[in-house]
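User: I am new to this protein and would like to learn how its features are read. Could you take me through them step by step?

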Amino acid sequence: MNLRELNHVIPSMPASDGAGVKLRRSLGASQGLRHDPFLMLDEFFSDDPNDYIAGFPSHPHRGFETVTYMVDGRMQHKDHLGNTGDLGPGDVQWMTAARGIIHSEMPQQTEGRMRGFQLWLNLPAKLKMQPAGYRDIPSTAIPEASFDGGRVRVIAGEWQLNGSRVEGAIQRPITEPTLLDIHLQPGARFAADLPAHHHAFAYVYEGSASIAGKTLPHRAAGLLGQGDRIEILSESVGARLLLLAAAPLGEPVVQYGPFVMNTREEIEQALADYRDGTLAA
Ligand code: FE
């Protein structure tokens, strides 16, 4: 057994996206700050409607998957395929933009707390031009498991430890992503066995935690080293955190805003297709 260490910390930076939603971006805050196949992680968290009310009006994506995880508040998704989804606390939306999707994501509240995450997960070259897909996963359909001092919501992939496993709500090919939401009481310990070749990182969104003896600061992405097991300890106030892992693609990444392809020519094609109205046809 080889424990993963905390290798590198990417602090989240204040950012604004959509029509002016205030958020914090860690992965993806600049082009070099990716962790293949993870492209971006945004956390939005505010009690002030001015920070979120403008939402994300109609916009395109091509070449990757977007995962939205709501913790507090409500958001409505609409897309050109005719899908409408209402996301509430604990719900997940898994959207495979692939060759193209045009959608909006708008808050369904005018006051109160809005909190959640958006993750961008790359697709391999051979899946980038496949038809778009979309799934809503209600909170009640997300498997949960308890352990001494905490519980884990298994959103994607699986939680595996010492040969026992809990399968998550979503399974994806090739990148085989794991997405866990872990809640720890003060001084509790979480452990998971992960495939040794997967790239992994953690993001503490409440409290504080440490990995292999190093503190992972609140609201920062902690990139983990190699190994087949991860152990996370909460500190005196407990912790809530996301743990993510996936198989790296090792392919070139060329990004222009909401388009993530392998070459510049493919980006130019995406822009031309969007202009012509064929991006999501
Ligand atoms: Fe979007």
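User: How many residues does the largest nonpolar core have, and which have the most contacts inside it?

Analyst: In soluble globular proteins, nonpolar side chains tend to be buried together. In this model, which is predicted, the largest nonpolar core has 28 residues, and those with the most contacts inside it are V152, W159, I182, F190 and I232. Several strands each supply at least two residues of this core, including β14 (150–156), β17 (178–184) and β22 (229–246), and the largest share, six residues, comes from β22.

User: Leaving aside its neighbours within four places in sequence, which residues is V152 in contact with?

Analyst: With those neighbours left aside, V152 is in contact with P143, E144, A145, F147, W159, L180, D181, I182 and F190. There is also a second, separate core of 27 residues, which includes W94, F117, L121 and I137.

User: Which residues are the protein donors of the iron ion?

Analyst: The iron ion has H59, H61 and H103, each through NE2, and E105, through OE, as its protein donors, lying 2.1 to 2.8 Å from the ion. The angles among the four donor atoms run from 81 to 177°, and the site is irregular. In sequence, the spacing of the donor residues is H-x1-H-x41-H-x1-E, and the pair of H61 in strand β5 (residues 56–61) and E105 in strand β10 (residues 101–107) links distant parts of the chain, 44 residues apart.

User: Are H61 and E105 buried or exposed?

Analyst: Buried means under 20% relative accessible area, so H61, with a relative accessible area of 2%, is buried, and E105, at 6% relative accessibility, counts as buried too.

Definitions and conventions. Residues numbered from 1 in each chain as written. Predicted model: local features only at pLDDT ≥ 70, side-chain atom pairs only at ≥ 80, totals over all residues. Heavy atoms only, no water. Core = buried A, V, L, I, M, F, W, Y, C linked by side-chain atoms within 4.5 Å. Buried < 20%, exposed > 50% of the residue type's maximum accessible area, 1.4 Å probe, protein only. Helix = DSSP H or I, 4+ residues; strand = E, 2+ residues; numbered from the N terminus. Contact = heavy atoms within 4.5 Å. Donors = N, O, S within 2.8 Å, 3.2 Å for Na, K, Ca; no water. Tetrahedral: all angles 85-135°; square planar, octahedral: opposite > 155°, others 65-115°.
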